[in-house]
Amino acid sequence: MEDAAEAPKRRKRSPFELFPHASALGMTLETLADGRLVAAVPYDERLIGDPATGVIHGGVVTTILDTGCGLAAVMKLSGKAGVATLDLRIDYMRPSKPGYPIRATCECYRLTRSVAFCRGVAWDEAEEDPVASATGAFMITKLGWTE
Amino acid sequence: MSEPEEEARRDAALERLTLTSPYHRFIGVGFTRMGDELTGRLAYSGHLIGNPAIPALHGGVTGALLEITALMQLAWDDLWRRMEAGEAAGEGPPRLPKTIDLTIDYLRSGRPRDVFARATVLKAGRRVSNVRIEAWQDARGRPIAAAHGHFLMPDG
């Protein structure tokens with residue numbers, strides 16, 4: 001049975017609970033300041049790419065960067081519009097370290113009438129030593145947009 | 001080796017290559033082959049949804065399918081060459097390329113159903129390979145996403 005007093009706190013910590021795939025990855029939002037955000041996915045053996053190394057699959061890195069960049073754009077739009085990814089480029093600098101959560105620091109650095117331009121870095125121990133970086137363009141859409 | 005034995009050996013090698021990754025099982029991606037060409041299939045499941053309001057598949061999962069399809073095609077080409085050369089390839093751990101970069105274009109929103117993907121190796125280099133990948137759902141001619149990327153080869 002869920003503790004009712006705990007529930008609002010958890011909702012505030014995880015804006016992803018209504019989003020099935022982010023929830024399945026255990027994604028959380030860690031900090032939120034100056035239009036930047038940090039999303040995190042805990043280390044999980046189910047997400048390993050190559051069992052010989054224990055390194056988390058690149059698909060998880062793509063997913064956290066796409067989610068973080070999209071959310072940074074929605075925040076900059078004050079939640080009054082949605083976004084849809086137009087393109088996303090990921091550069092992989094090195095494999096992530098087994099046992100560490102994957103974090104993504106993301107920001108939306110420019111908004112135009114139709115497009116949000118975002119960038120982010122994925123890291124494990126320190127943001128200065130990134131695992132991957134991403135740049136993406138997102139179409140600004142009405143809420144509830146379909147295609 | 002007889003032809004059916006040869007085919008069974010190839011199928012077993014493909015299974016070992018594509019089913020060893022826990023993440024492949026987590027998102028539900030598998031491969032079928034026609035000769036040396038692989039087709040990836042991401043089996044739809046509710047936890048793959050990114051935005052439930054539309055509903056649409058998470059773009060990260062579509063991106064993951066594209067990346068996996070490129071990696072598996074490159075690793076399969078390597079395995080195939082070694083098997084054709086008579087090596088007992090595919091019995092040890094798979095030799096996987098590493099993604100250097102990947103650029104994904106999202107063309108249509110992914111509907112809550114299966115997604116398929118195929119990769120074309122534009123250049124199979126000794127150190128680096130260049131690959132294009134497309135993903136589609138109902139119609140091959142209406143891709144939902146396309147990507148191109150560079151991959152560092154195992155012996156590169």
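Contact, as used in these legends, means heavy atoms within 4.5 Å. The model is predicted, so local features need pLDDT of at least 70 and side-chain atom pairs count only at pLDDT 80 or more, while totals for chains, interfaces and linings use all residues. Residues are numbered from 1 along each chain as its sequence is written, chains are lettered from A and ligands numbered from 1 in the order in which they are written, and side-chain values use heavy atoms, with hydrogens and water left out.

**Figure 1. Thr120(B) and its contacts in chain B.** Thr120(B) is placed in strand 6 of chain B; strands (E, at least two residues) and helices (H or I, at least four) are DSSP runs, numbered from the N terminus. Leaving aside neighbours within four places in sequence, Thr120(B) is in contact with Asn130(B), Val131(B) and Arg132(B). With a relative accessibility of 46%, Thr120(B) counts as partly exposed; buried means under 20% relative accessible area, exposed over 50%, and partly exposed in between (1.4 Å probe, protein chains only). The C-alpha atoms of Thr120(B) and Glu37(B) are 9.0 Å apart in space, and the two residues are 83 apart in sequence.

**Figure 2. The aromatic pair of Phe116(B) and Trp136(B), with Arg140(B).** A search of the whole structure finds three aromatic pairs over all chains. One of them is the stacked pair of Tyr23(B) and Phe26(B), with 6.4 Å centre to centre and 25° between the planes. Rings of Phe, Tyr and Trp (its six-membered ring) pair if their centres lie within 6.5 Å; planes under 30 degrees apart count as stacked, over 60 as edge-to-face and the rest as tilted. Tyr23(B) and Phe26(B) both belong to helix 2 (residues 22-27) of chain B, where they are three residues apart, about one turn of the helix. Phe116(B) and Trp136(B) form a tilted pair, 6.0 Å centre to centre with 35° between the planes. Phe116(B) is in strand 6 (residues 115-124) and Trp136(B) in strand 7 (residues 128-136) of chain B, so this pair ties together parts that are 20 residues apart in sequence. Phe116(B) is partly exposed at 24% relative accessibility, whereas Trp136(B) is buried at 8%. Arg140(B) lies over the face of Trp136(B), 4.2 Å from the ring centre; a charge sits over a ring if NZ of Lys or CZ of Arg is within 6 Å of the ring centre and within 35 degrees of the ring normal.

**Figure 3. The interface of chain B and chain A.** Contacts join 35 residues of chain B to 32 residues of chain A. The two chains bury about 2,700 Å² between them, 59% of it on carbon and sulfur atoms; buried area is the accessible area (1.4 Å probe) that two parts lose on being put together, summed over both. Within chain B, Tyr23(B), Phe26(B) and Tyr106(B) lose the most area to chain A, together 21% of what that side buries. Tyr23(B) is buried, at 0% relative accessible area, and Phe26(B) is buried at 12%.

**Figure 4. The salt bridge of Arg89(A) and Asp101(B), with Thr103(B).** One salt bridge is counted between chain B and chain A; the term means a side-chain nitrogen of Lys or Arg within 4 Å of a carboxyl oxygen of Asp or Glu. The side chains of Arg89(A) and Asp101(B) meet in a salt bridge at 3.4 Å, N to O. Thr103(B), in strand 5 (residues 98-106) of chain B, is buried at 13% relative accessibility. Not counting residues up to four places away in sequence, Thr103(B) touches Leu88(A), Arg89(A), Ala146(B), Ala147(B) and His148(B).

**Figure 5. Backbone at Pro55(B) and Ser78(A).** Most residues other than glycine have a negative phi, and most peptide bonds are trans. The peptide bond from Ile54(B) to Pro55(B) is cis, with omega near -20°. Pro55(B) is in the loop between strand 3 (49-51) and strand 4 (56-57) of chain B. Ser78(A), although not a glycine, has a positive phi of about 55°. This serine, Ser78(A), is in the loop between helix 3 (58-76) and strand 5 (82-92) of chain A, and is exposed, with a relative accessible area of 54%.
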